[in-house]
Amino acid sequence: MTSVIVVPVLAIDGPSGSGKGTVGQLLAQRLGWHFLDSGALYRALAVAADAASVDLGDKPRLAQLAVDMDIRFVPRGGGDVVDVLLNGQEIGDRLRTEESGRRASILAAVPEVRRALLQKQHSFRQMPGLVADGRDMGSTVFPDAILKVFLTASAEVRAERRYKQLKDKGFDVNLRRLLDEIRERDARDAGREASPLKPASDACILDTSQLDISGVVERIYGLLQQRRPG
Ligand code: C5P
């Protein structure tokens, strides 16, 4: 008799600024699991489209670009900092700008693009496990995840977190503008037809407005222990 080994997935979804990236990375480290920042794939596609002068309205070319793009996450010197290589070139800070996030959310609404990125996302599912962060990890990409968490926080709290993050990185930012951008992105991500931003029906919803990062990590780690066999 053959037995199939299923690689466990922890899906963490939520809107931008809900803390899912930081929380996901910490949990992946603690569990010794791989980590997928699926938003980085959409952002990288936005950077690739810009470099190839592909219009965000050109769906067939965007989908082809998504299939063709070679994206790698390479830990720098084996440490915590990860270099993102797009077709062999480090795209680092370009990926994290608000403009890349805005452009990513436009092309993420294209169903052909989402389909093209599906296989890339599945390829991250490797032993001993995967923590996947995004908008549709639990609802669409890994529907059989052993635990699905949906993090939320008010738009104001998320804008402040983003403001601090970007300020710390030396970016010149405006809180009011960030809040407007977050609201605009929420509306686009939640309003699209293909995999809209919404919790999977079996997701645990966690409001992080009043919790710090370690509190959220502990909560999710505890939930995961309850789900794991043995
Ligand atoms: O998470 P991050 O802010 O990097 O994602 C950028 C954009 O990519 C999001 O606003 C969203 O539109 C899109 N995205 C998505 N599905 C995912 C991850 C990100 O549609 N799983």
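Predicted model: local features only at pLDDT ≥ 70, side-chain atom pairs only at ≥ 80, totals over all residues.
K120 is buried and yet has no salt bridge, for the nearest side chain of opposite charge, that of D70, lies 7.1 Å away.

Select D70 next, and you will find that D70 is paired with R72 in a salt bridge whose closest N and O atoms are 3.2 Å apart. Both partners are partly exposed, since D70 has a relative accessibility of 29% and R72 a relative accessible area of 49%.

Now colour helix α2 (residues 38-51) and helix α3 (residues 59-68), whose axes come within 10 Å and cross at roughly 115°. The two helices, α2 and α3, are therefore roughly perpendicular to each other. Their contact is made by L45, A48 and A49 on the side of α2, and by L62, L65 and A66 on the side of α3.

Move on to R162 and E98, whose side chains meet in a salt bridge with 2.9 Å from N to O. This pair links distant parts of the chain, because R162 sits in helix α8 (residues 155-168) and E98 in helix α5 (residues 98-107), 64 residues apart. Here R162 counts as buried at 11% relative accessibility, and E98 counts as buried at 17%.

Finish by selecting R135, D189 and R192 together, which are linked in a network of salt bridges.

Conventions
Residues numbered from 1 in each chain as written. Heavy atoms only, no water. Buried < 20%, exposed > 50% of the residue type's maximum accessible area, 1.4 Å probe, protein only. Lys, Arg positive; Asp, Glu negative; His and termini not counted. Salt bridge = Lys/Arg side-chain N within 4 Å of Asp/Glu carboxyl O. Axes fitted to C-alpha atoms, helices over the stretch in contact; angles between N-to-C directions. Helix = DSSP H or I, 4+ residues; strand = E, 2+ residues; numbered from the N terminus. Parallel < 35°, antiparallel > 145°, perpendicular 65-115°, else oblique. Contact = heavy atoms within 4.5 Å.
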